[in-house]
Structure formats: C-alpha cells, structure tokens
Amino acid sequence: MPLSERHSAARELRAGVTAVLPLLIGVAPFGLIYGVLARSTGLPAAMGQAMSLLVFAGASQFLAVGLIGTGAPWPILLVTTAIINLRHLVYSASLAPHMRPLRPLWKWVLAFLTVDEVYALAISRYQRPPAGGIGEAHWYYLGAGITLWTSWQSSTAVGIYLGAKVPAAWGLDFTLALTFIGLLVPALTDRASRTAAATAGIVAVLSWGLPLKLGLVVAAASGIVAGMLVERGFAAARTTGGTSPGS
Amino acid sequence: MSSPALWLTIIAMGLITYGLRVSMIILFGRVAMPEVLRRALRFVPPAVLAAIVLPELLLPGGTFALPPSNTRLVAGVVAAAVAWRTRNVFLTIGIGMVLLWVFQLI
C-alpha cells in the first residue's frame, strides 16, 4: 500500500483505540463481575475464560453461567444465547453495506469483534468519516474491537482469579440478578416494553416448575409477543384515530 | 452436564453468536431481514431480563418466599429503585450487594 495510505491506516487504528478507551471504564468492571460470577456458580476457570474468548458477549455470558449454575441442559443454553444475541443480526445488517468493499478476511475478523460498544463506534465512523480518512474506517473498527476484546479477556481473567477466593457466603451470585435489574429498569421507557417485561416476568415465575428450564424460553417468547401486540395496538389506534389501544 | 458436553456447549454458543454477527455482512444483498423479526428485537432485552430477574427475586433457591425471610427480594426492589433513579448499573449492583450483606448481619 502507498505510504500515504499506510499513514492514514495507522492514524485510523490509533483513533479507534483512543475512542474505545473511555468505554472500557464501563466494560472492564462487567468483565470482572462476570469472572467472579462464573467462579461462584462453580464453572471451571478455563471454561469461564473460554466463554469470554469464544462468545465475547457480556449479557449472554452472564445468563449462561447463571443457567449452568442451575443445571440447565445445553439446548436451553443455545436457545437463550441465540435469543439474547439476536440484536447482532441488526448490527450485522447495518454494517454490511459499509463493509462490502472489504476483503473477506477483514469481514470475518471485524464481525467477530462486533460487540455493542464497537458497533456503536464503527457505525458512527462509517457514517461520518473524518476528512481524508474515507475508506480507512475498517482500521478504526479494528483498533476499537481489538482493544475492547483484550480488555474483556483481561478483566474476565482477574474476575475468575478473585472469584475463586471469595467465599460462597458473600452471595456474589446475586450480582447476576442485580446486573440484570440495572440493565432492565432503565429500558422500561414505554408501555410496550413494560408490558413485555411484566408478561415475561410473571410467566417465568408461574412456569418455574417446567422441566429443563423451559420456563425461561416460554416466558421470553410470551413477553416478546405481548410487547409486539401492545405496540401494534398503539399503531392501530393512531391510524384509525382512536384515543387508546383497545378502544 | 459433563465436562466435555459443557465444552461443546460453550463452543456452540460461540458459533451461534459469531453466526449472528457475520451473517448479514457475508450475505449482504442476498437476504433481507424479515420485518417481524426487526420489530420483535426491541422486546428481547426487557422480556429476557425480566424472565430471569423475577424468579431470582421471588423464588430464591427455587421456592417461593416473601420478606422478611426473602432478603433478596427487598434488596432487589431497592436496587430497582436505584436503577430507575440513577440509570447506573454499577451503583445498582453496589447498593444491592451492600443491602444483602447488611440483611445477613441482622
């Protein structure tokens, strides 16, 4: 590659690393808590770390170690992983047109690094490239992705190390519920999402006794359908001039 | 699950997640995402999170329990109020854990 191009590639790579650094303040503690939780549910250290290396998706890893701790069978783990990571399909679709000129190896590598934070940075760089940096945004993407991946692996490792030393009486498994409360509550911004959450929560409690942890899947599906129905009710009410859904 | 089964499960989880990440980038232009899926996605986080949180709080250890014996429910409700007011996950975790420890001491 010509010198000027190499120069702008290096600059974009550095810009990506710099852009993701402030976000690590939020990511690293999550990695730490995940590591501690993985150990406190009895998952062997190597498996806890392998999940960070291979899955590299915080919420689904939290959920998986919680499920493994309660003895859920593998099909439930795979289904819940797919459900909770479905959003990556949207990221993938929204990045695809920008990545079309890239060689296949770039696509395979960058896709692997696309967690929420990296997606947010990459898509905004593609949509608003800096002057002179057009066509080099994939280096920015790579810089942000590798930095975040490295931070996730190291914070997980520290958490796994610490988790082995914390006695079970500390009840650190409760951080799973607390983490999810912290993510759930601020997301309840409208009636449809509140309905989705309430329905899923109630169904989950009522179907707790179902074998193979099937209750979780049934509850999540009910919640999603309930949310969509309420949303459609609103949309219908608006188009027909109604004042409230169901009126 | 046995250890080999757990290893295979973790690898499969990785493959599923990677498949979702890479799919549209590789298949771009050849498949469109169904509209119903796009609409459903918005409700995945609230539904899944609530489906995990509520049983954790109401059925600690797998049996239904109310306060005062169910200290996790109290700590969880306070943590939810903290989350609503501050929108800060780490503060939510911190206050929830401290409350749980305080209840254990009482």
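Predicted model: local features only at pLDDT ≥ 70, side-chain atom pairs only at ≥ 80, totals over all residues.
The crossing of α11(A) past α3(B) is right-handed.

Which residues meet there? From α11(A) they are A:Ser193, A:Ala196, A:Ala197, A:Ala200, A:Gly201, A:Ala204 and A:Val205. From α3(B) they are B:Pro46, B:Ala47, B:Ala50, B:Ala51, B:Val53, B:Leu54, B:Pro55 and B:Leu58. By class, this contact of α11(A) with α3(B) has 13 nonpolar residues, two polar and no charged.

Helix α10 of chain A, residues 174-184, goes with α4(B). Their axes come within 9 Å and cross at roughly 30°. This one does fall under 35 degrees, which means α10(A) is roughly parallel to α4(B). The crossing of α10(A) and α4(B) is right-handed.

On the α10(A) side of that contact we have A:Phe174, A:Ala177, A:Leu178, A:Ile181 and A:Gly182. On the α4(B) side we have B:Arg72, B:Gly76, B:Ala79, B:Ala80 and B:Ala83. The contact of α10(A) with α4(B) divides into seven nonpolar residues, two polar and one charged.

Next, the interface as a whole. Chain A puts 67 residues into the contact, and chain B puts in 56. The largest share comes from α1(B), with 19 residues. By class, the side of chain B that touches chain A has 44 nonpolar residues, seven polar and five charged.

On to domains. Chain B is divided into domain 1, residues 1-32, and domain 2, residues 43-105. Taken over C-alpha atoms, the centres of these two domains of chain B are separated by 31 Å.

Chain A is assigned domain 1, residues 3-169, and domain 2, residues 188-239. Here the centres, again over C-alpha atoms, are separated by 28 Å. How many residues make the contact between the two domains of chain A? Eight residues of domain 1 of chain A are in contact with six of domain 2 of chain A. On the domain 1 side, the largest share comes from helix α5 of chain A, residues 74-84, which gives four residues. That side of domain 1 of chain A has six nonpolar residues, two polar and no charged.

Last, confidence. The predictor gives the complex an ipTM of 0.87 and a pTM of 0.83. Chain B averages a pLDDT of 90, with 99% of its residues scoring at least 70. Which element of chain B has the lowest mean pLDDT, and which the highest? The lowest is α2(B), at 84, and the highest is α4(B), at 96.

Methods. Residues numbered from 1 in each chain as written. Chains lettered and ligands numbered in written order. Domains from an automatic or database assignment. Contact = placed C-beta atoms within 7 Å. Helix = DSSP H or I, 4+ residues; strand = E, 2+ residues; numbered from the N terminus. Nonpolar A, V, L, I, M, F, W, Y, C, P; charged D, E, K, R; others polar. Left-handed = near helix turned anticlockwise from the far one by under 90°. Axes fitted to C-alpha atoms, helices over the stretch in contact; angles between N-to-C directions. Parallel < 35°, antiparallel > 145°, perpendicular 65-115°, else oblique. pLDDT = per-residue confidence, 0-100.
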